[in-house]
Amino acid sequence: MAEIKVPFFRPSFSDEEKQAVCEVIDSLWLTTGKVTHDFEEEFASYVGSMHALAVNSNTSGMILAMEASGVREGKAVITTPYTFVSTAASAVHLGGDVYFADTEKDSYSIDPDKIEEILKKDTEHKVCAIVPVHIAGNLCDMQRINALAKKYSTTENKIYVIEDAAHSFPCPTQHGYAGTLGDIGVFSFYATKTMTTGEGGMIVTNNDALAKRMAQMRLHGMNRDAWDRYTNPKASWEYDIIAPGFKSNLPDILSAIGRVQLKKAKSFDEKRKEIVAIYNEAFRDLDYVTLPPDGEGNSWHLYLLQIKPEQLDCDRNTFAKELQELGIGISMHFIAIFHFSYWQQKYPDFRAENFPNAERHTQNTITLPLYPDMGEEKAKLVIDAVKAVGEKHHVR
């Protein structure tokens, strides 16, 4: 096992996060309470949303968002096969179906033309949500996707747009932050994300009815949360269950970390972009790689480098393994969902040959280390390793 010279990711913590956690412990209120409520208000203000609901993961948030949007047996969502499996699995957990649309040829984003092909065939109006995924923090074509949702909605069947914004904080655009561009946005605060609570996520929406439904469903379908029940003069044992909900709330210990990280989000963003600039300059003239796409508001959660197999005598896996042997911590984003046995069994036509763009990305993409505290020295180690492997296998 090679010594790791540059880890794939390291969270950026200081004594501020430690102090915030200790204050929660000292308060003796550990579950969802005032700290989480404050975190929600601060996050909503940051992205300019009317409502923010803290949850224990992006996956939980996606399930809540889809449930509020009407996903159930007999209904379906449209999303991309080039994402983490939870995006699609969230619909299945609710009894819904998933229709997959290929990515664009030159980006990792879902192709609006492919979305419309599905909507045209949906004569039974099963589709009740489109779920674009902002891969690596580079935004999908939200104007086009929103227009398609509006065009194909009917009086009886509204099509909601749920942004899987797990990778895209902070992503400011001229139309607002990522996550606020559709009907609902769901962020992730997993350990490797642009800001973290260890595990956790946030849902944002400007729709009062959707916000109310998701707030109730995230805690067993209860119409009062614990903080309200134990701090409100109204009897703590009095509440109603309006539906068989879920257990998706975020505790104050994790929210305390999130509040500190949120204050550092702009600084984190600037530091990641400094590393991206170093990478881009170093890789720009190499004819055996393709730089990641970079659109408006890109949060640069991940640096996705594509190799060009026609310029190399090795495949992506060999290239990646040799980077690891040189001490570089790499990852793969993503293995397209159609490669997994469950999904192949569930949908017999769900095969790589039907999604050529997503398959090409799957076969050729390597995720390089990118985190705020990398610094130029570690970035240079990554660059030197990429060039060493590339030159070794370069076909001239």
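## Basis

The model is predicted, so local features need pLDDT of at least 70 and side-chain atom pairs count only at pLDDT 80 or more, while totals for chains, interfaces and linings use all residues. Residues are numbered from 1 along each chain as its sequence is written, and side-chain values use heavy atoms, with hydrogens and water left out.

## Threonine 83

Threonine 83 sits in the loop between β2 (76-79) and α4 (86-93). Helices (H or I, at least four residues) and strands (E, at least two) are DSSP runs, numbered from the N terminus. Threonine 83 counts as buried because its relative accessibility is 3%. Buried means under 20% relative accessible area, exposed over 50%, and partly exposed in between (1.4 Å probe, protein chains only).

The side chain of threonine 83 makes a polar contact with the side chain of threonine 87, at 2.9 Å. A polar contact is a pair of N or O atoms within 3.5 Å; within protein, one must be able to donate a hydrogen and the other to accept it, and residues adjacent in sequence count only if both atoms are side-chain atoms. Leaving aside residues up to four places away in sequence, threonine 83 touches Val133, Ile135, Asp164, Phe334, Ile335 and Ile337. Contact means heavy atoms within 4.5 Å.

## Cysteines

The structure holds zero disulfides (pairs of cysteine sulfur atoms within 2.5 Å). Cysteine 22 is partly exposed, with a relative accessible area of 39%. Cysteine 314 is buried, at 11% relative accessibility.

## Cavities

The whole structure has three cavities of 30 Å³ or more. On a 1 Å grid over the protein atoms alone, a cavity is a set of points where a 1.4 Å probe fits but cannot get out; lining residues have an atom within 4 Å of a point. Grid points are joined across faces, edges and corners, and a volume is the space filled by probe spheres set on the points.

The largest cavity holds about 80 Å³. Its lining includes Tyr108, Ile135, Asn138 and Trp300. By class, that lining has eight nonpolar, three polar and no charged residues. The second largest cavity holds about 50 Å³. Phe8, Phe9, His301 and Leu370 are among its lining residues.

## Helix α12

Helix α12 spans residues 356-364. Its buried residues are Asn357, Ala358, Glu359, His361, Thr362 and Asn364. They pack against β11 (303-307), α10 (316-325) and β12 (365-368).

Notes
On a 1 Å grid over the protein atoms alone, a cavity is a set of points where a 1.4 Å probe fits but cannot get out, and a pocket is an open set with protein on both sides within 12 Å along at least five of seven lines; lining residues have an atom within 4 Å of a point. Ala, Val, Leu, Ile, Met, Phe, Trp, Tyr, Cys and Pro count as nonpolar, Asp, Glu, Lys and Arg as charged, and the others, Gly among them, as polar.
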